[in-house]
Amino acid sequence: MSYSTRQREVILEILQQSDRPLTPPDIRERASQGSAGIGLATVYRALKFFMAQGMIVLVEIPGAVPCYEPADRGHHHHFICQQCRLVFDVQGCVHDLEALAPRDFQVQRHDIILYGVCARCGAQ
Ligand SMILES: [Zn+2]
Ligand SMILES: [Zn+2]
């Protein structure tokens, strides 16, 4: 199947409808439930396109497969399950991080990654 604008739209919709960042194989799997057979190469091509447009961002977490999410999600953090390796969104933030920085230092940004076991893995 050739690469189409429609396939690209499907891939963006999948990312927008997901409540967690998705890996390229996740995206391909979900895309194949609707229109038959979107290949991984197509997924990567679309991701590259949307990255260049600034519409999606890469979420890089040590120990996790690189995954993607819409760029307009607002400030949030991530949780990685140490068993299934899925990455989840964590809403909210910790305040007073400024207090961790040495005196007279200015914090410009931060990143928080929670490591643990998700509800599904924890229930097994
Ligand atoms: Zn899990
Ligand atoms: Zn934060």
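What percentage of the 124 residues of the protein count as buried? The share is 32%. The legends below start with the whole protein and then turn to single residues. The model is predicted.

Figure 1. Read from the N terminus, the order of elements is α-α-α-β-β-β-β-β-α. The C-alpha trace spans about 60 × 40 × 20 Å along its principal axes.

**Figure 2. The surface and the charges of the protein.** The protein exposes about 8200 Å². Carbon and sulfur atoms supply 51% of this area. There are 12 positive side chains and 13 negative ones. The centres of the two sets lie 8 Å apart.

**Figure 3. Domain 1 and domain 2, and the contacts between them.** The domain assignment gives residues 5–70 to domain 1 and residues 77–122 to domain 2. Taken over C-alpha atoms, the centres of the two domains are 23 Å apart. How many residues of domain 1 are in contact with domain 2? The number is 10, and they are in contact with 9 residues of domain 2. The size of an interface is often given as the accessible area lost when the parts come together. Here domain 1 and domain 2 bury about 810 Å² between them. Of that area, 63% is on carbon and sulfur atoms.

**Figure 4. S18, a residue in the loop between α1 and α2.** Helix α1 covers residues 5–17, and helix α2 covers residues 24–34. S18 lies in the loop between them. Is S18 buried or exposed? S18 counts as buried because its relative accessibility is 4%, and the cut-off for buried is under 20%. Leave out residues up to four places away in sequence. S18 then touches R30 and R73.

**Figure 5. C121, a residue in helix α4.** Helix α4 is made of residues 119–122. C121 has 11% relative accessibility, so C121 counts as buried. Which residues are in contact with C121, leaving aside its neighbours within four places in sequence? They are C81, Q83 and C84. C121 and C81 are 40 residues apart along the chain. Their C-alpha atoms are separated by 8.1 Å.

**Figure 6. R85, a residue with a positive phi.** Most residues other than glycine have a negative phi. R85 is not a glycine, yet its phi is about 70°. Where is R85? R85 lies in the loop between β3 and β4. Strand β3 covers residues 77–81, and strand β4 covers residues 87–90. The relative accessible area of R85 is 38%, so R85 is partly exposed.

**Figure 7. D104, a residue in the loop between β4 and β5.** Strand β5 covers residues 113–116. D104 counts as exposed because its relative accessibility is 74%, and the cut-off for exposed is over 50%.

Definitions and conventions. Residues are numbered from 1 along each chain as its sequence is written. Chains are lettered from A and ligands numbered from 1 in the order in which they are written. This is a predicted model: local features need pLDDT of at least 70, side-chain atom pairs count only at pLDDT 80 or more; totals for chains, interfaces and linings use all residues. Side-chain values use heavy atoms; hydrogens and water are left out. Helices (H or I, at least four residues) and strands (E, at least two) are DSSP runs, numbered from the N terminus. Buried means under 20% relative accessible area, exposed over 50%, partly exposed in between (1.4 Å probe, protein chains only). Accessible areas come from the Shrake-Rupley method with a 1.4 Å probe; for residues, only the protein chains shown count as cover. Lys and Arg count as positive and Asp and Glu as negative; His and the chain ends are not counted. The place of a charge is taken as NZ of Lys, CZ of Arg, CG of Asp or CD of Glu. Domain bounds come from an automatic or database domain assignment. Contact means heavy atoms within 4.5 Å. Buried area is the accessible area (1.4 Å probe) that two parts lose on being put together, summed over both.
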